[in-house]
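Here is my note on the model you sent.

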Amino acid sequence: MNILLFGYGYMGKIRHAVLRRHPAVRRVTIVDPFIDPKMLDLDGAVLPPCAPVPWEEHDAAFICTPNNVTADLCAQSLRRLRRVFCEKPPGRNWEEFCQIDEAARSVPDHVLAFGFNHRLHPSIQAALALLGEGGLGEVLYVKGTYGKSGGSQYRESWRNNREVSGGGILLDQGIHMLDLFQLFLGPLTVVEAVLTDSFWKCGVEDNAFVLLKGGRGQPAFLHSSATLWKHTFRIEIGCENGYLKASGFLSKTGSYGREQLVIGKRQFEDEAFSLGNPREEIIHFDRDESWDKEVHEFLAAVQEGRPPHHGSLEEARQVMKLVHDIYAMTPVTQ
Amino acid sequence: MRSVETNSSFPLSAVKPLEELASYREFCLSQTLKALQQGRRKRQISPVTHQPLEPCGETAGLEYGRCSQTGSFFLMTLPPASAWTQLLEEVNRFRHSPEAFHFTHARSRSDRVYLPKLEWIQETLRFQRLVSPAVLEVAPSPSDLMPLLKESGLFSKGFTSSEQDASKSSLDQEPVEVALLLEALDRSDDPEALLEAVRKRMVTGGLLFVTALVVSGFDMAVLGMNNLYWVPPDRANGFSLKGLTQFLTRFGFNLLEVSTPGVLDLEIVQAHRQRDPSIPLSVFERQLLESDEQTRMGFQSFLQQQGLSSFARLVARKA
């Protein structure tokens with residue numbers, strides 16, 4: 001397969017590395033007007049600026065661009081190549097998501113996946129296996145915190161420029177947590193939200209507190225933050241027969257901590273040494289294959305001509321609807 | 001790859017009390033020496049690296065050799081294969097007799113040793129989405145675990161095979177998706193033949209579960225050959241964690257889990273010190289043993305997290 005890779009920033013480089021290792025990928029052509037082909041050792045794989053996009057020579061597209069061009073490129077790629085992998089978020093807002101949706105409808109045999117790789121983190125996959133008949137029973141509630149420290153260049157990043165990104169930390173990181181909530185609880189609705197821009201003053205939220213509920217009334221609570229001075233990823237899943245706490249993940253710098261899953265089994269006085277201190281097991285994971293799995297699954301779907309198992313249009317719709325509802329009901333306060 | 005730690009705790013006295021070990025240990029040693037009267041096989045190379053073993057100490061006159069690359073220990077002189085088979089059977093029979101702590105603490109061992117193993121296997125099967133596999137357990141008969149495996153309903157079929165029978169691979173054996181070598185590599189007189197035969201019997205993608213007492217773990221590293229739990233034939237082979245992982249990898253297994261979720265390292269050293277205060281310990285080790293419960297628990301937890309407890313458990317997939 002020959003792949004067009006739009007955008008060679010943080011995500012583009014990650015996808016490029018995975019694509020280069022994949023046995024079915026013959027060629028990856030990078031399209032990014034902001035990189036100098038001569039500065040990078042990419043074997044002439046970068047399309048020269050202003051050169052027309054060689055759609056006809058390629059089989060699928062990866063959209064790894066800033067949010068303001070995502071929807072246009074995704075829709076165009078769908079119409080030209082039918083096979084598209086698109087980073088989250090699927091557009092800056094609901095209207096842009098609808099633009100992608102419309103393009104997808106006009107190409108019935110499309111293969112479209114969105115990059116929600118957190119579903120494939122080993123701690124999340126292990127947690128899924130333990131729910132329901134896996135031993136822990138039904139989910140009673142979910143609580144997640146996902147945040148970063150910002151950093152000295154925070155205000156300059158396109159991610160915090162509303163024109164380019166469409167939103168703040170909720171749309172950047174919080175969307176992953178909302179996606180995970182729906183993975184564990186099914187479709188959710190928004191109950192209440194508070195969005196603040198109290199520190200960075202970029203005109204987009206730097207903190208989002210969101211209360212949601214599932215189809216059977218199960219509560220879910222999200223704190224998405226750009227003022228967590230310690231990088232944090234933590235999700236707690238309370239179940240009938242115990243609880244799970246997934247935290248940390250493998251990033252380049254390791255700043256989110258070692259990825260682990262705490263498995264606690266409900267024990268009352270008759271089983272535990274002391275009430276409220278049940279036996280826990282902690283699984284540590286030292287390999288994150290989520291990027292590989294996500295890309296491999298998409299390429300397998302392309303080869304087999306079937307819908308991908310992860311990051312479907314429907315899942316993207318559900319999560320973008322939540323983001324839309326949160327922004328619609330809540331002004332960002334300073 | 002993953003590793004697991006646990007906050008579950010139980011006292012040494014509940015599973016293998018040191019003060020009740022003597023009769024079992026004496027039986028093991030006397031029977032091993034008796035078996036050696038039937039002949040002697042010299043083991044000179046490490047089953048892990050095939051490098052020469054360096055003599056490193058003895059237990060009751062039985063010499064062990066060290067694999068210099070991995071730090072693993074191996075009994076250097078073995079009786080003939082048939083005598084070894086007989087020895088393991090006799091020792092297993094003794095374990096089920098009222099003279100052995102295994103018998104007197106059977107209930108407690110079932111709750112604290114076997115049920116957690118069953119839970120581990122069950123959870124791993126869930127994580128790997130393996131449903132109703134056939135299982136081979138390599139253990140001397142009668143197995144204490146097989147009844148629990150059958151009762152669990154997790155497996156479509158269950159086979160128990162002794163180390164020696166399992167080492168003889170045969171084409172007419174039914175293939176299995178899961179194989180259990182729970183301390184079986186510790187007591188095999190030929191761990192390479194055993195692992196190769198088990199590998200052949202497993203389907204590609206099948207899961208291998210291994211537990212072992214590893215000599216890189218805290219109580220073994222501190223006590224060395226003074227560790228009274230270190231006794232042949234159960235401990236003919238003392239892999240280090242590094243040695244064990246290398247060994248499995250060399251036979252074409254991909255590691256999915258490497259954990260040392262032991263809870264007894266400090267207590268084992270403490271029990272030896274109480275029994276024999278002259279056991280050589282460093283100032284730091286003495287300080288640790290005399291520290292409060294919170295510090296000792298914190299240290300045991302550190303051992304688990306860093307792969308430094310002597311109880312190791314691994315899961316590997318046949319490539």
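**Notes on the model**

1. Start with the hairpin in chain B. Strand 3 of chain B and strand 4 of chain B form it, with 2 residues between them. In the turn, A60(B) has a positive phi of about 50°. The two strands, residues 53-59 and residues 62-67, run antiparallel and are joined by 6 bridges. E58(B) stands opposite E63(B) in strand 4 of chain B. Strands here are DSSP runs of E with at least two residues, helices are runs of H or I with at least four residues, and both are numbered from the N terminus. Two strands pair if DSSP finds at least two bridges between them.

2. On provenance and confidence: this is a predicted model, in which local features need pLDDT of at least 70 and side-chain atom pairs count only at pLDDT 80 or more, while totals for chains, interfaces and linings use all residues. Residues are numbered from 1 along each chain as its sequence is written, and chains are lettered from A and ligands numbered from 1 in the order in which they are written. The model scores ipTM 0.80 and pTM 0.87. Chain B has a mean pLDDT of 92, and 99% of its residues reach 70 or more. (pLDDT is the predictor's confidence in each residue, from 0 to 100.)

3. Next, the contact between the chains. 14 residues of chain A are in contact with 10 residues of chain B. Contact means that the C-beta atoms of two residues, placed from the backbone, lie within 7 Å. On the chain B side, strand 1 (2-6) and helix 5 (106-127) each supply at least two residues. Strand 1 of chain B gives the largest share, 5 residues. By class, this side has 3 nonpolar, 4 polar and 3 charged residues. (Ala, Val, Leu, Ile, Met, Phe, Trp, Tyr, Cys and Pro count as nonpolar; Asp, Glu, Lys and Arg as charged; the others, Gly among them, as polar.)

4. Strand pairing crosses from one chain to the other. Strand 13 (residues 280-285) of chain A and strand 1 of chain B run antiparallel, joined by 5 bridges. I283(A) stands opposite V4(B).

5. Chain A is divided into domain 1 (2-115) and domain 2 (119-291 + 320-333). The bounds come from an automatic or database domain assignment. The C-alpha centres of the two domains lie 28 Å apart. Across the boundary, 12 residues of domain 1 are in contact with 10 residues of domain 2. Helix 1 (10-21), helix 2 (67-81) and helix 3 (94-106) of chain A each give two or more residues to the domain 1 side. That side has 7 nonpolar, 3 polar and 2 charged residues.

6. Which strands of the open sheet in chain A stand at its edges? The sheet has 5 strands in the order 2-1-3-4-5, with parallel pairing. Strand 2 (27-31) and strand 5 (111-115) of chain A each have a single partner strand, so one side of each is left without a neighbour in the sheet. Within the sheet, 4 bridges join strand 1 (residues 2-6) of chain A to strand 3 (residues 60-63) of chain A. There, I3(A) has A60(A) as its bridge partner.

7. Finally, helix packing. Helix 2 of chain A and helix 3 of chain A pack at an angle of about 0°, with their axes 9 Å apart. (Axes are lines fitted to C-alpha atoms, for helices over the stretch in contact; angles run from 0 to 180 degrees between N-to-C directions.) The contact holds 7 nonpolar, 2 polar and 2 charged residues.
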